[in-house]
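This briefing is meant to be read with the sequence and the 3D structure side by side. Please keep both in view while going through the points below.

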Amino acid sequence: MKEYLIGMLDNLQKVNVNAIIFQVRVEGDALYPSPYEPWSRYLTGEQGCSPGWDPLVFMVAECHKRNMELHAWINPYRARTKTTKLLALEHPSMKNPDKFIEYQGQLYFNPALQSNRDHICRIVRDILTRYDVDGLHIDDYFYPYPVKGTEFPDDKWFEESGSTDRAAWRRENVNHLIYQLHRTVREVKPWVKFGVSPFGIYRNEKSWKHGSKTNGLQCYDELNADVLFWIEQGWVDYCIPQVYWEIGHSAADYKELVQWWAEHASKRPLYIGQDVVRTVNAKDDDAPCGHQQQKKYELQRANSNISGSCFWDAASAANNLKGYRDFLANGMYKYPALAPEAPFIDKKAPAKVKGIRMVEDDKGRMLLWLTDDKATDDALNAPHRYVVYCFAHGEKINTENPAHILAITDKKFIRIPYTLDGKHIFVVTVLDRLQNESTGVKYKVNL
């Protein structure tokens, strides 16, 4: 398993991926040692059975080694999937079965219960306290995807609520969870980003005049997730709508949806969820690659409200399915990219470096620098990474151009290759945990 994950990360590093979303809670279980829920069966085949190692510790370390963020992905409500035959005795539903609802062969934490919201937030608090994660992530599973003719059986709690609008009541239940998750993250580690990856259609135009020109299941109406409200309230820190369809899809056109989300959800960083398999299987005879990847990326790159992409699934991108990774590595993802800033959390830049110098040892040349000792006192703005830019003598200094990034590192030095010679100017900046970048400090040298 470790070899497999390392191989994936190495391949994604080749294309300068800067964040990994790693699932750690699938069905009221854990892919890490949890004091509250059993080990996931997806590690050993048996729920509650320890694999003998901590995948979350491992992934945090391996991602940070590659200057990638690690976002811990949890499924809040799902407690048992259809293929799970046996639950461990320590599973929450075995201890408190009255807090769960069964629907279409799956088991769910009842979203109407405050005790379940408290439990989910307790899980999140534990993850954030014990692990150096950069984000908390939830995806599109809120109230269950509906099955025609079968209603989610929450009549008892709806009647007790006194509400007359079941859909509005359900949305409010989810709103309470999102707000509580937001507050939990801010209280424990304010630099951790809380993100959501909703279903790709918020509402169709026929349901709401401001909706997209689409005709499919709706996040707001069927899944009871009011994503735009969470963004408006500032309860989430980024949004990754799952725009998994093709350009020209009859019910859910990629172009229409990308533009719709860019117009309505850009108060927080917006990334587009890409279905790698569907993209490379969608023909485009005009594209050199023969499929839709290039046109999709060109569409979103043309919109300044869109900050990036997220690959689903990671393995297909890492394994270069039909040249998907090569296309990015040779073009749009050729250079490293700093993750977008989050000024709504904090926009104070860290203190700049000092004492830059060049030294040489038996292994070669090193560029070293120091930081202000007092700079580490503030966890939010303490030095987290360093960016080293390199410019030829006489070249205009422009740190907005990623082609000049020589390295992004958590060390206070970098090795300078002997292939680099002549007069150069190095510029070193400091990044804090929220990607605020310090003023650059120049160092001129004749190599």
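Helix 1 and helix 3 cross in a right-handed sense, where a crossing is called right-handed if the near helix is turned clockwise from the far one by less than a right angle, and left-handed if anticlockwise. The model is a predicted one, in which local features need pLDDT of at least 70 and side-chain atom pairs count only at pLDDT 80 or more, while totals for chains, interfaces and linings use all residues. Residues are numbered from 1 along each chain as its sequence is written, and side-chain values use heavy atoms, with hydrogens and water left out. Helices (H or I, at least four residues) and strands (E, at least two) are DSSP runs numbered from the N terminus.

**Helix 1 with helix 3**

- Helix 1, residues 2-13, packs with helix 3 at an angle of about 30 degrees, and their axes are 11 Å apart; axes are lines fitted to C-alpha atoms, for helices over the stretch in contact, and angles run from 0 to 180 degrees between N-to-C directions.
- Helix 1 and helix 3 are therefore roughly parallel to each other, a description used for angles under 35 degrees, with over 145 counting as roughly antiparallel, 65 to 115 as roughly perpendicular and the rest as oblique.
- Lys2, Leu5, Ile6 and Leu9 of helix 1 make the contact with Phe58, Met59, Glu62 and Cys63 of helix 3, contact meaning heavy atoms within 4.5 Å.
- By class, the residues of this contact between helix 1 and helix 3 are six nonpolar, no polar and two charged, with Ala, Val, Leu, Ile, Met, Phe, Trp, Tyr, Cys and Pro counted as nonpolar, Asp, Glu, Lys and Arg as charged, and the others, Gly among them, as polar.

**Helix 5 with helix 7**

- Helix 5 (residues 114-130) packs with helix 7 (residues 166-188) at an angle of about 25 degrees, and their axes are 10 Å apart.
- Helix 5 and helix 7 are therefore roughly parallel to each other, and their crossing is right-handed.
- The residues that make this contact include Ile120, Cys121, Val124 and Leu128 of helix 5, together with Leu177, Leu181, Val185 and Val188 of helix 7.
- The residues of the contact of helix 5 with helix 7 divide into eight nonpolar, six polar and four charged.

**Helix 9 with helix 11**

- Helix 9 (residues 254-264) and helix 11 (residues 293-301) pack at an angle of about 25 degrees with axes 10 Å apart, which makes helix 9 roughly parallel to helix 11.
- The crossing of helix 9 and helix 11 is right-handed, and in it Tyr254, Lys255 and Val258 of helix 9 meet Lys296, Leu299 and Gln300 of helix 11.
- The contact of helix 9 with helix 11 has three nonpolar, one polar and two charged residues.

**Pocket and cavity**

- The second largest pocket has a volume of about 430 Å³; on a 1 Å grid over the protein atoms alone, a pocket is an open set of points with protein on both sides within 12 Å along at least five of seven lines, a cavity is a set where a 1.4 Å probe fits but cannot get out, and lining residues have an atom within 4 Å of a point.
- A volume is the space filled by probe spheres set on the points, which are joined across faces, edges and corners.
- Of the 26 residues lining the second largest pocket, Asn18, Arg66, Asn67, Met68 and Ile408 lie nearest its centre.
- Strand 14 gives the largest share of that pocket's lining, four residues, and helix 3 (55-65) and strand 14 (405-409) each supply at least two residues.
- The lining of the second largest pocket divides into 12 nonpolar, seven polar and seven charged residues.
- One cavity of 30 Å³ or more is found in a search of the whole structure, and the lining of the largest cavity includes Lys193, Asp237, Tyr271 and Phe344.

**Backbone features**

- The peptide bond from Trp312 to Asp313 is cis, with omega near 0 degrees, and Asp313 is found in the loop between strand 10 (308-312) and helix 12 (314-318).
- Lys322, which is not a glycine, has a positive phi of about 50 degrees and lies in the loop between helix 12 and helix 13 (324-329).
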